[in-house]
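Colleague: The sequence and the structure are new to me. May we go through them together, one point at a time?

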Amino acid sequence: MSSDFARKLARRAGIVTILVSAAFLSACQVRPLYSESTGVTEKLGSVGFSEAGTRVGQVVRNRLIFLASRGAGEVEKPNYMVDMQVSSYVADTLLVQSSDTSRAGRATVTVSYTLRTTKDNQIIKAGSRSATSLVDFPSQEFAKQRAILDAENRAANQAAEFVGADLAAALSR
């Protein structure tokens, strides 16, 4: 008799657990980030970006403008402003002991940003994102410098993608 009672109790507890889980899951909402109901596309289209001080910073800024405006260009009177500081660093990773030269490296780009409203200067989101791109160093100096520029561009574009996703998520709320 006690095993019958235990089975009935376990069955009822299982049913209650399923019903409670279903109630909690029904409160979850999954929706596309760029859906029309959130208005993210319009909000991103009204974001302005601070001027860049370096070549890598300009690459990040240009990519963010393209992502935010969907290729339409920079907005004249933004409703939101992103202040950003961009830094880049190239490091040697694979040293050749006999010649004291490097055969490979990595370029890291870090973007620190603050998203504010232009009306009342209220901070909506602040953060920092970084991206790293690997690079092989050829023996010719010009080819090495070009490889470093390409690696910085790849890292800058990737960091801009990360920042753009952060901005879209912040504006969707």
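Colleague: At what distance from the ring centre of F137 does K144 lie?

Modeller: This is a predicted model, in which local features need pLDDT of at least 70, side-chain atom pairs count only at pLDDT 80 or more, and totals for chains, interfaces and linings use all residues. Residues are numbered from 1 along each chain as its sequence is written, and side-chain values use heavy atoms, without hydrogens and water. K144 lies over the face of F137 (NZ of Lys or CZ of Arg within 6 Å of the ring centre and within 35 degrees of the ring normal). The distance from the ring centre is 4.9 Å.

Colleague: Which residue in strand 4 is the bridge partner of T110?

Modeller: Strand 3 (residues 101-117) and strand 4 (residues 123-136) run antiparallel and are joined by 13 bridges. Strands are DSSP runs of E, at least two residues long. The bridge partner of T110 in strand 4 is S130.

Colleague: Which residue of this hairpin takes a positive phi?

Modeller: Five residues lie between strand 3 and strand 4. In the loop between these strands, a residue other than glycine has phi near 60°. That residue is N121.

Colleague: How is helix 3 oriented to helix 4?

Modeller: The contacts (heavy atoms within 4.5 Å) include V59, V60 and L64 in helix 3, and L149, A156 and A160 among the residues of helix 4. Helix 3 (residues 55-69) and helix 4 (residues 141-172) pack with axes 8 Å apart and at an angle of about 40°. Angles under 35 degrees count as roughly parallel, over 145 as roughly antiparallel, 65 to 115 as roughly perpendicular and the rest as oblique. Therefore, helix 3 to helix 4 is oblique.

Definitions and conventions. Pairing = 2+ DSSP bridges. Helix = DSSP H or I, 4+ residues; strand = E, 2+ residues; numbered from the N terminus. Axes fitted to C-alpha atoms, helices over the stretch in contact; angles between N-to-C directions.
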